[in-house]
Amino acid sequence: MTAYVISEVEPRDAALFARYRAMAPATIERYGGRYIVRGGEADVVEGGPPAKTLVIVEFPSMARAREWYASPEYAACLKVRAGALERRLIFVDGVPTTP
């Protein structure tokens with residue numbers, strides 16, 4: 001079953017944020033992930049607070065998403081992320097496909 005990693009981010013350091021954004025895609029692709037949303041304009045139409053920058057990545061399974069997050073490749077990105085941005089990170093299963 002497909003899984004999604006949803007990030008709600010708030011950049012802290014523009015240079016480090018740019019570096020992180022340059023590093024992360026290769027690690028995501030290596031684990032079968034692909035960007036669905038990467039910082040496009042978000043319009044909150046119900047509820048609050050206002051949306052921060054959103055990133056949604058699709059993985060072929062929750063196992064692959066977790067492998068990516070725990071990978072040595074992504075560990076290097078996490079070191080940069082620590083100074084680059086504040087983030088709320090959510091892992092969620094997708095909808096099962098019906099044969």
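In which loop does serine 61 lie? Serine 61 is placed in the loop between strand 3 and helix 2, where helices (H or I, at least four residues) and strands (E, at least two) are DSSP runs numbered from the N terminus. The structure is a predicted model, in which local features need pLDDT of at least 70 and side-chain atom pairs count only at pLDDT 80 or more, while totals for chains, interfaces and linings use all residues. Residues are numbered from 1 along each chain as its sequence is written, and side-chain values use heavy atoms, with hydrogens and water left out.

Leaving aside neighbours within four places in sequence, serine 61 is in contact with Met1, Thr2 and Ala3, contact being defined as heavy atoms within 4.5 Å. The C-alpha atoms of serine 61 and glycine 33 are separated by 9.3 Å, although these residues stand 28 apart along the chain.

The protein chain contains three helices and four strands, which follow the pattern β-α-β-β-α-α-β when read along the sequence. The radius of gyration, taken over C-alpha atoms, is 14 Å, which agrees with the value near 13 Å that a compact globule of 99 residues would have; the globule rule is 2.2 Å times the number of residues to the power 0.38. Along its principal axes the C-alpha trace spans about 45 × 40 × 15 Å. Of the contacts between residues at least 6 apart in sequence, 75% join residues at least 24 apart. The accessible surface, calculated by the Shrake-Rupley method with a 1.4 Å probe, for residues with only the protein chains shown counting as cover, comes to about 6300 Å², and 54% of this surface belongs to carbon and sulfur atoms.

Buried residues (under 20% relative accessible area, against over 50% for exposed and in between for partly exposed, with a 1.4 Å probe and protein chains only) make up 27% of the 99 residues. In helix 2 (residues 62-70) the buried residues are Met62, Ala65 and Trp68. These cover an arc of only 120° around the axis, which puts them on the same side of helix 2, the arc being that of the directions from the helix axis to the C-beta atoms. The buried residues of helix 2 pack against strand 1 (3-11), helix 1, strand 3 (53-59), helix 3 and strand 4 (85-93). By contrast, alanine 14, which is found in helix 1, is exposed, with a relative accessible area of 64%.

Aromatic pairs were assigned to rings of Phe, Tyr and Trp (its six-membered ring) with centres within 6.5 Å, planes under 30 degrees apart counting as stacked, over 60 as edge-to-face and the rest as tilted. By this rule the count comes to six pairs. In one of them, tyrosine 20 and tyrosine 74 are arranged edge-to-face, at 6.4 Å centre to centre and with 70° between the planes. Because tyrosine 20 lies in helix 1 (residues 14-30) and tyrosine 74 in helix 3 (residues 72-84), this pair ties together parts that are 54 residues apart in sequence. Tyrosine 20 counts as buried at 10% relative accessibility, as does tyrosine 74 at 0%. One aromatic cluster is formed by Tyr20, Phe59, Trp68, Tyr69, Tyr74 and Phe91.

The charged end of arginine 38 sits over the ring of tyrosine 35, 4.5 Å from its centre; this assignment requires NZ of Lys or CZ of Arg to be within 6 Å of the ring centre and within 35 degrees of the ring normal. Most peptide bonds are trans. The bond from glycine 48 to proline 49, however, is cis, with omega near 0°, and proline 49 lies in the loop between strand 2 (34-38) and strand 3.
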